[in-house]
Amino acid sequence: MPPRVGVVVNPIAGLGGRVGLKGTDGVEVVARALALGAVPRAGARMAEALAALRARRRDVAIVSGDDAHDPVGGTNAADTIVAARVLAEAGVDLLLFAGGDGTARDILTAVGDRVPVLGVPAGVKMHSAVFAASPRAAADLAAAFFAGDAALAELEVMDLDEEAYRAGRVSARLYGFVRGPYRRDLVQGVKVGGVAGETAALDGLAAEVASRLGPGTPAILGPGTTMRAVAEALGAAKTLLGVDLVRDGRVIAVDAAEADLLRALATAEDARLIVAPIGGQGHILGRGNQQVSSEVIRRVGLDRLIVAATPAKLASLHHQALRVDTGDSGLDRALAGYRRVVTGRGAEAVCRVVA
Amino acid sequence: MTAPRNGFHAARWNEPLIQDLSEPGARGLLPGAVEPAIRAGAGDALARVPAHVRRAAPPALPEVTQHRVVRHFTRLAQMTMGFDVTTDMMGTCTMKYSPKVHEHIVRAARLADVHPGQDPETLQGVLAILYRFNRMMCAIAGMDEFTFQPASGAQGIYTNACLIRAYHAARGELGRRDEIITTAFSHPADAATPHVAGFKVITLMPGPQGYPELAALEAAVSPRTAGLMLTNPEDTGQYNPAIRAFVERVHAVGGLCAYDQANGNPLLGIARAGDAGFDLCQFNLHKTFSAPHGAIGLGCAAVGVKEPLRRFLPRPVVTLDGTRYGLDDDRPDAIERIRAFLGNVPTVVKAYAWVMSLGTEGLRAVAETAVLNNNYLLANIRRIKGVAIPWPENTAPKLEQVRYSWEPLHNDTGVTTMEIEQRMVDYGVQHYMPSHVPVLVPQPFTIEPGESLTIEEMDHMIATLRAIAAEAYEEPEVVHHAPHHASVARVDDGIANDPATWAFTHRALAKKRAAWSKPRSAAAKRHAGY
């Protein structure tokens, strides 16, 4: 059966960036951007992606709503959510959307992990791992997915607080995970029957990390799929988005806030902090896990921090350094440099960390 | 400007397996009946074959006429894009012209018909070559003794790991030295084989110049360090100029340093592993020393060690007592044998012949020409639209190969490096090497010209890449759906990589076919229409 692609375009995505604004959230920003001469481009980016996809897969069926909003007329997040839900219910094989991090959040709200999602980059900010590098790269990835050359992975949806960003402060949050295609050939031949490559890699990594925690050692586990695997290896069930505290196979603080962590650390001197890089940006601390504040990190101690990432995750960073942004420049400097990262059973990588 | 080769089309024969051509009674030729006197004189020839090596039943060879056999293999050869019909610049493989006369030498009866089980007294000529070539390799690498037993690069690297293990075990330190350090752009066997040998492995990721900084090593070394195993230049073609400091740092904590010289072509006659302080090293004779590799050649990794590691080399070691060559099997400290007997001796003989024909100056000319060729390609390929050179801030010349990136082209056009690789076949060029895994450079391709190509061949390669890049921008469909003129269009990698769906022998194939006829697995279902 021909693959069916559902298409959602956020027509106002990217307007702010073209005129020097740091995002396009809010009606006033759209009006200001348009007044400054911004031209909508998300539609054209999606058209480019779809034409490129058609060049590869002539049989692909494109499904979209019949909505044609006037950007000035004030389209908003609700339109994205409604459109995505309608397409998900129509049973599309892949939901292709054009927008930025804000749009990705709306898609997350609308469909969660019910339908595979892929982002055509058209926004001002694109920190979420769900975006391809370009419209044509998105087409390539979609075609690979339909050909069975790409697997589905849980991909981070990140977004900045735009108010803070325009005021010059960066504050990124991890909003959740969608399921999106991801190329497996970064680490192994594609479609190797019977070898569950990334799952096996994650299991080995989790076992290695678990083996380093002695009895009674409390461990603060950051968010994400890597830490979920570590928790499973420890016999605990953790939240995907939250920071959890685990000891002896039991979760002793679920979705902990900074205050919870500090309280727990007041009585635990040998705690470990275990984190994984977030998204495609490579942040290990300060983005997506702000609960792990600089004070929490200092209380645990830098020598008791364990960073873990599968070889595929490191490869997806394309030789960029890991990043820290704790808001405490002294701590960031202390964290920077070269650090061992657990990558599997009996395997580590030495990665550069930059502030 | 050189034009790419247009109008090429590969032969395409729908050729069955030779076993499937078998017809009972078909023969190539029928020998005449043996005269009764000869038959009587010879007696029962089979009875002279020892019972334990005698077949219970004749082999199930296909029965095919001579002309059909010749056509079968000629057709397969026509569909094969080998070095004898077109250029190959496959990076990390050091493909080079291998003198045909070497094949003649090793197929001659005086080598082909000897057996390693013979008394060494009857193998003096072969042992003399092995002994002499061992001394030559020691001079080339700055080592004290070599073994030629490993039959592939990975086996050679595994041998390095086993030697490091044996050294620490002999000192009673193995229990507390369990970490091997390697680098992300070394051959993956430098990470994989120490794991097999029981070590933990720490991989240094590249720094801003594309190779690891000393500070990265600093974060990895400790009293647990058993050794350092790496290539230099790495697969990116970039030479780590701080290599001596790396070696000294690892020595300072009591570790050994093993130099994987799979990328050793640019070092011949210029730099020696021993002089840089390495304790052991390995060369691939089937790459750097011209012996063919892949389907037409036997691999051989030459592993060399300095004096303190000599006693750990696998048995037997070829000795010379002044006049006669012998085999030393009495080696109590030796690691387990990596391969039976002396390894792939024909490959050693080819490498010996190659070194003898070049001499010291010739080896240096090999390295210099390979580096010059590579930088000629680099200067031209970097100007092709859509190509990026990773770590642009590193402006030092590359050595024997370059890992390029099609990332700009992929973002502009959606065309991938694998599609370009397929499209090259339409221009009558063999594929390139994209990258070892993990893939750290996006949309990678790795090209190594070696020393034996002409400038016309390199210009043709450049023109081909330029033409395909232009196609990607102007009519990407042509590249997406390539190849169009090849013997076989796309091979399903999944089938080629899945042990359930390939077979190396006809007997294994028969078993798997039987399994496929009873669909159970996804692999079986893919083959339902076989």
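**Where the chains meet, and what lies inside**

Mentor: Start at the contact: 41 residues of chain B and 34 residues of chain A take part in it. Keep in mind that this is a predicted model.

Trainee: How much area do chain B and chain A bury between them?
Mentor: The size of an interface is often given as the accessible area lost when the parts come together. Here 54% of that area lies on carbon and sulfur atoms. The total for chain B and chain A is about 2900 Å².

Trainee: Which three residues supply more of the area that chain B buries against chain A than any other three?
Mentor: Look at the chain B side. Three residues there supply 16% of the area that chain B buries against chain A. They are B:Met205, B:Asn411 and B:Val439.

Trainee: Which residue forms a salt bridge with A:Arg340?
Mentor: The rule finds two salt bridges across the interface of chain B and chain A. It also finds 16 residue pairs in polar contact there. In the salt bridge of A:Arg340, the closest N and O atoms are 3.1 Å apart. The partner is B:Glu179.

Trainee: Which element gives the largest share of the side of chain B that touches chain A?
Mentor: Several elements give two or more residues to that side, among them H8, helix H11 (407-413) and helix H14 (476-480) of chain B. The largest share is five residues. It comes from E3(B).

Trainee: Is B:Arg403, in strand E10 (residues 402-405) of chain B, buried or exposed?
Mentor: In a regular strand the side chains alternate between the two faces of the sheet. B:Val402 and B:Tyr404 lie on one side of this strand, B:Arg403 and B:Ser405 on the other. Both faces are covered, and B:Arg403 is buried.

Trainee: Which residue in E12(A) stands opposite A:Ile274?
Mentor: A:Ile274 points one way from strand E10 (residues 272-275) of chain A, together with A:Arg272. E10(A) pairs with strand E12 (residues 305-308) of chain A in the parallel sense, over three bridges. Opposite A:Ile274 stands A:Ile306.

Conventions
Residues are numbered from 1 along each chain as its sequence is written. Chains are lettered from A and ligands numbered from 1 in the order in which they are written. This is a predicted model: local features need pLDDT of at least 70, side-chain atom pairs count only at pLDDT 80 or more; totals for chains, interfaces and linings use all residues. Side-chain values use heavy atoms; hydrogens and water are left out. Buried means under 20% relative accessible area, exposed over 50%, partly exposed in between (1.4 Å probe, protein chains only). Helices (H or I, at least four residues) and strands (E, at least two) are DSSP runs, numbered from the N terminus. Contact means heavy atoms within 4.5 Å. Buried area is the accessible area (1.4 Å probe) that two parts lose on being put together, summed over both. A salt bridge is a side-chain nitrogen of Lys or Arg within 4 Å of a carboxyl oxygen of Asp or Glu. A polar contact is a pair of N or O atoms within 3.5 Å; within protein, one must be able to donate a hydrogen and the other to accept it, and residues adjacent in sequence count only if both atoms are side-chain atoms. Two strands pair if DSSP finds at least two bridges between them.
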